[in-house]
Amino acid sequence: MWTAILVFLMAERINLRQLDYFVTAAETGTMTGAAQRLYVSQSAVSAGIGELEHQLGVQLLIRAKAKGLTLTTAGHRFLPEARALLTRSEEIQVGMREVGQTLAGRLVIGCFTTLAPFLLPRLLEEFRTAHPKVTLDFVEGSLNELQDLLREGKCEVAMLYGFDVQSGIDFEELRTVEPYVLLPPGHPLAETAEIRLPDLDGHDMIMLDVPPSLRYFTDILRCAGVIPKIRYRTESFELVRSLVARGAGYSLLLQRPAQDVSYEGRRLQVRRIAGDVDRLSVGLARPSSSRPTRRAAAFAAFCHAQMEHHPAAEQGARRYGPMNPGFPAAVSS
């Protein structure tokens, strides 16, 4: 695919600078903003984009003094392709410079909002140690937001749950995780070591409302014959924990911090779900239509190695047991 596109660009005499002007103008929203970011004149950006539009035979941007720049339908369609071409060209240049040497360049990864605090810090630090010439950056978002960012070329790979993965996105599983019940001390169910889902029927629930959490947890409960009695819903993981600690209800979660206390310092009770429950995959996603760069491929391999080195069973050894102050960092699940 890339060969055919590059042949087309060469035939039409479209150059990478024109693509860079277009992508930067689309991101900044103005010709002036693009010129400032690229350290060129505004007239050079305007002329380059105009020439690009002439060569493609379509209008990519609508210019309006009051509103700045707006992408046309053709512009929306061309933008991810232009980003991918620029990324690929950088990869080729770096690859030629670094033949037989270490990886280099910039890699943007995405991460599901509630997974980020548990996975990103260690991965960012240890990947940088393994590949010091790679500049690693990240964006956070919901499941749908991350898949949009992948399609738009704003990140190369994303760490997310394998639930509601859309067409055109490839998903590679790293591990599976299971939900648990979070309770306040003194809750009627807190005295049991394991909780049957039907026993949650009628109790107030605090729902983590970040896609796909709402649907996933609702499906789990309904399969057990429970219609969740949602008292509060929030997109904040820590607000869920604080509300539970205050006695507002129970919750179902997938991640567990190293300390079972809320931001206010109030204790929380964690209980395993009795019986079989659908586990959820955690993995890496990328656009099906694009070839991963060497940096993205190296990051994927690094993630697999990290998951093998820190298996879920090992990390979850204290998950439902007594507090262990010596447990490293945080538990991801």
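On the face of helix 4 turned away from its buried side sit the exposed residues Ser43 and His54. The model shown here is a predicted one. Helix 4 runs over residues 42-56, which makes 15 residues. From its first C-alpha to its last it reaches 21 Å, close to the 21 Å expected at 1.5 Å a residue.

The buried residues of helix 4 are Val45, Gly48, Ile49, Leu52, Glu53 and Gln55. They lie on the same side of helix 4, because the arc they cover around the axis is only 165°. After helix 4 comes Gly57, with a positive phi near 80°.

The largest nonpolar core has 72 residues. Met159, Leu200, Leu252 and Phe299 are the residues with the most contacts inside this core. Helix 10 (residues 294-309) gives the largest share of the core, seven residues. The core also draws on more than one domain: at least three residues come from each of domain 2 (102-176 + 281-309) and domain 3 (179-277).

Leu252 can be followed in detail. Leaving aside residues up to four places away in sequence, Leu252 touches Tyr180, Val181, Leu200, Met205, Phe217, Leu221 and Ile273. Leu200, one of these partners, is itself among the residues with the most contacts inside the largest core.

Val177 belongs to strand 6 (residues 169-177). Val177 is buried, at a relative accessible area of 3%. Asp278 is 101 residues away from Val177 along the chain, yet the C-alpha atoms of the two are separated by 9.0 Å.

The cysteines come next. The structure holds zero disulfides. For Cys111, the nearest cysteine sulfur is that of Cys303, 9.3 Å away; a disulfide would need the two sulfur atoms within 2.5 Å, so Cys111 is in no disulfide. Cys111 is buried, with a relative accessible area of 0%. Cys155 also counts as buried, at 3% relative accessibility.

The last stop is the backbone. Most residues other than glycine have a negative phi, and most peptide bonds are trans.

Tyr39 has a positive phi, near 60°, and is not a glycine. Tyr39 is placed in the loop between helix 3 (31-38) and helix 4. With a relative accessible area of 76%, Tyr39 is exposed.

Asp164, also a residue other than glycine, has a positive phi of about 60°. The loop that holds Asp164 lies between strand 5 (157-161) and strand 6. Asp164 is partly exposed, with a relative accessible area of 35%.

The peptide bond that joins Pro211 and Pro212 is cis, with omega about 10°. Pro212 is found in the loop between strand 9 (204-208) and helix 8 (213-223).

Conventions: Residues are numbered from 1 along each chain as its sequence is written. This is a predicted model: local features need pLDDT of at least 70, side-chain atom pairs count only at pLDDT 80 or more; totals for chains, interfaces and linings use all residues. Side-chain values use heavy atoms; hydrogens and water are left out. Helices (H or I, at least four residues) and strands (E, at least two) are DSSP runs, numbered from the N terminus. The expected span of a helix is 1.5 Å times one less than its number of residues. Buried means under 20% relative accessible area, exposed over 50%, partly exposed in between (1.4 Å probe, protein chains only). The arc is that of the directions from the helix axis to the C-beta atoms. A nonpolar core is a set of buried Ala, Val, Leu, Ile, Met, Phe, Trp, Tyr and Cys residues joined through side-chain atoms within 4.5 Å. Domain bounds come from an automatic or database domain assignment. Contact means heavy atoms within 4.5 Å.
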